[in-house]
Amino acid sequence: MPNVMIRKNDSGGLLFYVAKKDMEETIASVETDTSDAWGGAVELTDGSRWYIDPVSPPPSFPTTLRFKRAEG
Amino acid sequence: MATMTRDETQALIQEVLEVYPEKAKNDRAKHLAVNDQSLEQSKKCITSNRKSQPGVMTVRGCAYAGSKGVVWGPIKDMIHVSHGPVGCGQYSRAGRRNYYTGMTGVNTFGTMNFTSDFQEKDIVFGGDKKLAKIVDEIEQLFPLSKGVSVQSECPIGLIGDDIESVSKQKTKELEKPVIAVRCEGFRGVSQSLGHHIANDSIRDNVVHNRDNDNSFETTPYDVAIIGDYNIGGDAWSSRILLEEMGLRVVAQWSGDGTLSEMELTPKVKLNLIHCYRSMNYISRHMEERYGVPWMEYNLFGPTKIAESLRKIAAFFDETIQTNAEKVIAKYQAEYDAIIAKYRPRLEGKKVMLYVGGLRPRHIIGAYEDLGMEVVGTGYEFAHNDDYDRTIKEMGDSTLLFDDVTGYEFEEFTKALKPDMIGSGIKEKYIFQKMGIPFRQMHSWDYSGPYHGYDGFAIFARDMDMTINNPCWNSMQAPWLKPAEGESEAPMAASA
């Protein structure tokens, strides 16, 4: 359950940064991204999948959230 | 313009790896790569930030070096106690040439060495009492110091001293920050973790100190220079360019920096980060906590300077943007003259770099401005995100090496035959004895500054003076020189 900092990059995409691992990846897709919630299954460009219970209301980035590693 | 093809470079790596035992070979193979500009992510080609193999020569430092030597050390109005045996502090004292203004020993302490000089009894009975005494002595002898940081050396972690409680108590007593930094040398694989630990301790102890204090008058043009250690005056030659653009530099992290500058940094509009590797952590924190955006920039060589100044200006309004153009135009005659003077003398020369956190990619632009080509580059302690940024800067099918070993570096040099090598003091004399011009690129070989337009003039002069030094024609002993008319004997015969 790492703490993940989500921030926007210059082109408006979301970056997924795990400080402990010094891992920075771009988020490829988010399951729930509406005006009243953000979260669910998150897939990164390197193919790894993470999960967070949808946060409501959607957080303003940058922010630190706790993610779970999703199966598969 | 690549001098070697992909396959040739790959073959070279294979050949160099041949001497290693199977296991070491497999490990080292992951750290050596041929650059491929089409790749987006470096982790597909190179592994970094891993423990060095036992038995190879590495030039990495330790966590203490990253914290005391790099991040905390240059903060001039604090006293940084090397807590532990005397050597760590003494042998790293003032070696990085972080210039600063002030009266050393009165209100600034940069080049001094403060250590608790652990003896056997301190290891056996613990050194907490000694630390408390030291902090009191510091307060008595140097009342103008703004705070104390306790930089742990290895034994502190091993014997389990509680430096946090001493620091907490002394902070209360003296009403000055006394900051415990757990940067014992054995932590992590290189100095990189030391940077992270130091950043975290600044985050926990310094950055939030003025959260409820609005007495500082801000302007819309406040910026902070982050990750510039003022080596040979680098931060100063960067700072004047930003100030000429109309920006106000509130803080310098940490070369020539002070504690109060650091406390004021969350109030700036933009953090400018030069050394990404050592200070991205604190920039990320300030972005999240205070909403201060950060931006990487590069002030080596006119091309990159112009690019960076425009990028910085784009963040502000039109006055700054016109000012940026004015600054670039103002210095154009100056740097055109430098390029006109040195480029003919340096054109086509090949350089190999092996330095620390940002230079293996940042300086490439400056060499290219002088018509030189970087044929191989590598970092001591970079992570994958550094290589991500390097791939685009380096030419295709050039060599990338991570935490290169002494043996590999020498072999690569023999094969690629660069005209110059830029690396650290530990490599300097090896390569000079091999007859290859060398610049010590950690502290600019006791020269500098190299940042900014003023720095570029010095950079170009230094490169010329190194490569075109007449001594390189005298590498062969006079009695081994062929007589008139005979063909020149190969250099290797005399080596």
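Of the 495 residues in chain B, 50% are buried. Buried here has a cut-off: 20 or more other C-beta atoms, placed from the backbone, lie within 10 Å of the residue's own.

A word on the source. This is a predicted model, where local features need pLDDT of at least 70, side-chain atom pairs count only at pLDDT 80 or more, and totals for chains, interfaces and linings use all residues. Residues are numbered from 1 along each chain as its sequence is written, while chains are lettered from A and ligands numbered from 1 in the order in which they are written.

Now the overall build. Chain B has 20 helices and 14 strands. These are DSSP runs, numbered from the N terminus: H or I over at least four residues for helices, E over at least two for strands. The radius of gyration of chain B is 24 Å, close to the 23 Å from the globule rule for 495 residues, so chain B is as compact as a globular protein of that length. That radius is taken over C-alpha atoms, and the rule is 2.2 Å times the number of residues to the power 0.38. Along the principal axes, the C-alpha atoms of chain B fill a box of roughly 80 × 60 × 45 Å.

Next, the record. An unreviewed UniProt entry annotates residues 62-467 of chain B as "domain: Nitrogenase/oxidoreductase component". Such annotations may be inferred rather than shown by experiment. This span is 49% helix and 16% strand, and its end C-alpha atoms lie 32 Å apart.

On to the core. The largest nonpolar core has 124 residues, and Val150(B), Met245(B) and Leu309(B) touch the most other members. Such a core joins buried Ala, Val, Leu, Ile, Met, Phe, Trp, Tyr and Cys residues through C-beta atoms within 7 Å. Helix 14, residues 318-346 of chain B, gives the most to this core, with 9 residues.

Which helix is largely enclosed? Helix 17 of chain B, residues 384-393, has 7 of its 10 residues buried, so it is largely enclosed by the rest of the structure. Among those buried are Asp385(B), Tyr387(B) and Ile391(B). The buried residues pack against several elements, including helix 12 of chain B and strand 3 (23-33) of chain A.

That brings us to chain A. The contact takes 7 residues from chain B and 9 residues from chain A. Contact means C-beta atoms, placed from the backbone, within 7 Å. Helix 12, residues 276-290, gives the most to chain B's side, with 4 residues.

Methods. Two residues are in contact if their C-beta atoms, placed from the backbone, lie within 7 Å. A residue is buried if 20 or more other C-beta atoms lie within 10 Å of its own, exposed if 12 or fewer, and partly exposed in between; C-beta atoms are placed from the backbone.
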